[in-house]
Amino acid sequence: TRLTGARSSAQPWGVGGLGPSAAAEVRAGNREARASLAIARDAILFGLPVLLMHRSDSHLWDLPELRRLFELLPSDTCLDQCQYGSRSRRRTRVVGWSIGPLSGLQATCTGHAGICSRTLRHHSRSGLRFGDSKIRYYLPRALCVAAASALRRASESLALHRLTTLVTPHS
């Protein structure tokens, strides 16, 4: 959930003085961020392909823990989710380690005045889907498939490299 004013670049884990409901949402988001960063860090340490995707204007990118991972020189790009089938433009940053260039995922909307360059229709303001009792965000299926394909290609390349290293005699 996006709470306006609940985080800042200087305080990406959350600002003080929030009400109980907002503070609870910030804590929940922080748990998700910590878990995601721990998984990413461990995979990076083992040389496994990793992708992180989130709103390009998110304070997630300001977290010191993620900044340290940036020292390991990831691939980095931005995309607009409308180009993958979302009704919302939703600019998204994609960062990957051990995955190679991400230019294949980069697809940005060139439309103007709220008109999507792919569909020639107005972007939805929310990009949200309504669930039973709560609004929740989802990634477009085409974006998930493209990201999974990039991870699969990187994993296959890594497996081939490791297999070659095992079977090639060392002099």
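The model is predicted: local features need pLDDT of at least 70, side-chain atom pairs count only at pLDDT 80 or more, and totals for chains, interfaces and linings use all residues. Residues are numbered from 1 along each chain as its sequence is written, and side-chain values use heavy atoms, with hydrogens and water left out. The protein chain holds three helices and five strands, where helices (H or I, at least four residues) and strands (E, at least two) are DSSP runs numbered from the N terminus. Read from the N terminus, the order of elements is α-β-α-β-β-β-β-α.

**Confidence**

- The mean pLDDT of the protein chain is 87, and 89% of its residues reach 70 or more; pLDDT is the predictor's confidence in each residue, from 0 to 100.
- Residues 127-135 have a pLDDT below 50, and this stretch makes twelve contacts in the model beyond near neighbours in sequence.
- Where pLDDT is low, the predicted coordinates should not be read in detail.

**Whole chain**

- Of the 171 residues in the protein chain, 32% are buried; buried means under 20% relative accessible area, exposed means over 50%, and partly exposed lies in between (1.4 Å probe, protein chains only).
- The protein chain exposes about 11,100 Å², of which carbon and sulfur atoms supply 55%; accessible areas come from the Shrake-Rupley method with a 1.4 Å probe, and for residues only the protein chains shown count as cover.
- Among contacts in the protein chain with a separation of 6 or more, 58% join residues 24 or more positions apart; contact means heavy atoms within 4.5 Å.

- Three strands form an open sheet in the order E1-E3-E2, with antiparallel pairing; two strands pair if DSSP finds at least two bridges between them.
- E1 and strand E2 (75-80) are the edge strands, each pairing on one side only.
- Neighbouring strands of this sheet are turned by 20 degrees against each other on average, direction ignored.
- E2 and E3 run antiparallel and are joined by six bridges.
- Leu-79 has Thr-92 in E3 as its bridge partner.
- Helix H3 (residues 141-167) lies across E1 and E2 and runs at about 155 degrees to E1; axes are lines fitted to C-alpha atoms, for helices over the stretch in contact, and angles run from 0 to 180 degrees between N-to-C directions.

**Nonpolar cores**

- The largest nonpolar core has 15 residues, of which Leu-66 and Trp-97 touch the most other members; a nonpolar core is a set of buried Ala, Val, Leu, Ile, Met, Phe, Trp, Tyr and Cys residues joined through side-chain atoms within 4.5 Å.
- At least two residues of this core come from each of helix H1 (20-45), strand E1 (50-55), helix H2 (64-70) and strand E3 (91-97).
- H1 gives the most to this core, with five residues.
- Another core, of eleven residues, lies apart from it and includes Leu-51, Leu-79, Tyr-84 and Ala-147.
- Leaving aside neighbours within four places in sequence, the contacts of Trp-97 include Ile-44, Leu-52, Leu-66, Leu-69, Phe-70 and Pro-74.

**Loop residues with positive phi**

- Most residues other than glycine have a negative phi.
- Arg-90, in the loop between E2 and E3, has a positive phi, near 35 degrees.
- Arg-90 is partly exposed, with a relative accessible area of 22%.
- Ser-98, in the loop between E3 and strand E4 (128-130), also has a positive phi, near 55 degrees.
- Ser-98 counts as partly exposed at 46% relative accessibility.

**Buried loop residues**

- Leu-60 lies in the loop between E1 and H2 and is buried, with a relative accessible area of 17%.
- Not counting residues up to four places away in sequence, Leu-60 touches Ala-33, His-54 and Leu-66.
- Leu-60 and Trp-13 are 47 residues apart in sequence and 8.3 Å apart in space, C-alpha to C-alpha.
- His-123 lies in the loop between E3 and E4 and counts as buried at 19% relative accessibility.
- Beyond its neighbours within four places in sequence, His-123 is in contact with residues including Cys-82, Cys-109, Cys-116 and Arg-89.
- Ser-124 is found in the loop between E3 and E4 and is buried, with a relative accessible area of 18%.
- Not counting residues up to four places away in sequence, Ser-124 touches Arg-87 and Ser-88, and both of these are also in contact with His-123.
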